[in-house]
Amino acid sequence: MRPAFAAIGAAEHVDEFVLSFEVGAIKPDPAIFTTALDRLGVAAQDALMVGDSEEADGGARTVGCQFALVDPLPTAERPDGLIAALQSVGIRA
């Protein structure tokens, strides 16, 4: 993940990468979500998990995060996926 973001010059815009093999937990295990929240210093009720799996990504709800589901398609086939997800919870981009 880090090399992919670095390759497109975006790594400097990411505050944290929380990777399952580093944390020792995989979604929907609450530990991966709480690790991300703790590292960012964000309360669960102030966080939004955007993902393409109701089962795995939706696990963020168990720790109190909001969740927005996007279609499980390649990003080229859902170019407005993130914008739509943000708008679904009242965030206007």
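Buried here means under 20% relative accessible area, with exposed over 50% and partly exposed in between (1.4 Å probe, protein chains only). Helices (H or I, at least four residues) and strands (E, at least two) are DSSP runs, numbered from the N terminus. This is a predicted model, where local features need pLDDT of at least 70 and side-chain atom pairs count only at pLDDT 80 or more, while totals for chains, interfaces and linings use all residues. Residues are numbered from 1 along each chain as its sequence is written, and side-chain values use heavy atoms, leaving out hydrogens and water.

Start with the cartoon: four helices and two strands, running α-α-α-β-β-α along the sequence.

Now select residues 30-40, helix H3. Which of its residues are buried? Ile 32, Phe 33, Thr 35 and Leu 37 are. H2 and strand E1 (48-51) are among what covers them.

Next, step back to the loop between helix H2 (20-23) and H3, where Pro 28 sits. Lys 27 and Pro 28 are joined by a cis peptide bond, with omega about 15°. At the start of H3, show Asp 29: one of its side-chain oxygens comes within 2.8 Å of the backbone nitrogen of Ala 31.

Finally, pick Val 63 and show its contacts (heavy atoms within 4.5 Å). Leaving aside residues up to four places away in sequence, Val 63 touches Pro 30, Phe 33, Thr 34, Leu 37 and Ala 44.

How values were computed. A polar contact is a pair of N or O atoms within 3.5 Å; within protein, one must be able to donate a hydrogen and the other to accept it, and residues adjacent in sequence count only if both atoms are side-chain atoms.
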